[in-house]
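Q: Can you walk me through this structure? I have it open and would like to go through it piece by piece.

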Amino acid sequence: MRRIGLLGCGNVGEIIARKQEGFIIVALYDTAYARAQAVEEMCGAQAYESFDEFLAQDLDIVVEAASVSAVQTHAEAILLAGKDMVILSVGALTDEPFRDHLKACAEKNGKRIYIPSGAITGLDNLKVCQIAEVSKVMLRTTKNPRSLGIEADKPMLLFKGTARDCIRRYPKNINVAVAIELASGHEVEVELWADPGTDRNTHELIVEGEFGDITIRVSNRPSPENPATSYLAALSILTLLRNLDNPIQIGT
Ligand SMILES: NC(=O)c1ccc[n+]([C@@H]2O[C@H](COP(=O)([O-])OP(=O)(O)OC[C@H]3O[C@@H](n4cnc5c(N)ncnc54)[C@H](O)[C@@H]3O)[C@@H](O)[C@H]2O)c1
């Protein structure tokens, strides 16, 4: 059974802790210690106030479900401490030198960095874009204005441009675009819409290439506790952890 350290005990972390099966969570860390304590009560793993103490535990994998800054601050130490890592706040990896550095740390220590599919699907076969000719990779995300922390009384195009520029203006809404860029190896054109008529977080991915066209539309139910997060993202981490040791690897 893999031993997991949970970095970030918010909405996603709590779902992972509630549904652990096929792995065991042994250590918890959150800058809001009360959050880690709440999850401790739920799943029996130990909450730590100090990150160093958390990392010193006997862990196989640290699952990050915290923030871009948590990845920036802790990922290097986690890999150098000989732990594999799951990164959900994948927006942290837009910084290429940082990404290359983490990759080198993982390689040096024989460790892996896993990027879950998160709030989208289809990242597995999107990797064909790394070897095929591709003319378009576009992501259209639509959310209720509340999820974006704004008010709007009709559908509004908030942003159109590159993922790199989007992250500066809407840092909490870029993980899916970055995951698509990493999987496909191509820059993504991003459209971000606010629509008061929807209660879903919808991602439409449109890809055109020499193999034909791909359209993926994922209409996510927001998590009740945090409307900015999709339940699918938590499920995707649970599925990744459950299948790590499966001798039959599907769609990888
Ligand atoms: N890749 C995807 O598709 C995808 C989907 C959903 C969420 N996410 C990302 O996953 C992360 C977690 O999402 P969530 O909905 O659980 O958020 P949340 O706000 O509900 O919980 C995050 C928790 O992490 C803690 N935290 C923040 N920074 C920290 C740090 N530096 N060290 C330790 N703890 C820290 C917070 O106190 C909070 O308890 C966010 O960064 C979110 O953007 C990615």
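**A strand residue, then the rest**

A: I216 is buried, because its relative accessible area is 16% and the cut-off for buried is under 20%. Keep in mind that this is a predicted model.

Q: Where is the place of I216?
A: I216 sits in strand β11, which covers residues 212-220.

Q: Which residues is I216 in contact with, leaving aside its neighbours within four places in sequence?
A: With those neighbours left out, I216 is in contact with T121, G122, H203, E204 and L205.

Q: And how far apart are I216 and C166?
A: They are 50 residues apart in sequence, and their C-alpha atoms are 21 Å apart in space.

Q: Cysteines, then. How many disulfides does the structure hold?
A: Zero disulfides.

Q: Is C9 buried or exposed?
A: C9 counts as buried, because its relative accessibility is 0%. C105 is buried too, with a relative accessible area of 5%.

Q: Change of topic. Which residues touch the most other members in the largest nonpolar core?
A: F54, L126, I180 and L205 do, in a core of 52 residues. Helix α8 (residues 175-184) gives the largest share of this core, six residues. At least three residues of the core come from each of domain 1 and domain 2.

Q: What is L126 in contact with, leaving aside its neighbours within four places in sequence?
A: Apart from those neighbours, L126 is in contact with I180, A183, S184, L205 and V207. There is also a second, separate core of 27 residues, and A47, A65, A234 and L241 are among them.

Q: You mentioned domains. What does the domain assignment give?
A: The protein chain is assigned domain 1 (2-115 + 233-243) and domain 2 (123-220). Taken over C-alpha atoms, the centres of the two domains are separated by 25 Å. Seven residues from domain 1 and seven residues from domain 2 take part in the contact.

Q: Now the ligand. How many residues surround the ligand, and which are the closest?
A: There are 24 residues around the ligand, and the closest are V12, D30, S67, S89 and T229.

Q: What lies 2.8 Å from an oxygen atom of the ligand?
A: A backbone N or O atom of V12 does. For N11, a backbone N or O atom is 2.9 Å from an oxygen atom of the ligand. S89 uses its side chain instead: an N or O atom there is 2.7 Å from a ligand oxygen atom.

Q: Last one. What joins the side chains of R2 and D245?
A: A polar contact of 2.3 Å. R2 is in strand β1 (residues 2-7). Not counting residues up to four places away in sequence, R2 touches F23, I24, D60, I61, D84, L244 and D245.

Key: Residues numbered from 1 in each chain as written. Predicted model: local features only at pLDDT ≥ 70, side-chain atom pairs only at ≥ 80, totals over all residues. Heavy atoms only, no water. Disulfide = S-S within 2.5 Å. Buried < 20%, exposed > 50% of the residue type's maximum accessible area, 1.4 Å probe, protein only. Core = buried A, V, L, I, M, F, W, Y, C linked by side-chain atoms within 4.5 Å. Helix = DSSP H or I, 4+ residues; strand = E, 2+ residues; numbered from the N terminus. Domains from an automatic or database assignment. Contact = heavy atoms within 4.5 Å. Polar contact = N/O pair within 3.5 Å; in protein donor to acceptor, adjacent residues only side chain to side chain. Near = heavy atom within 4 Å.
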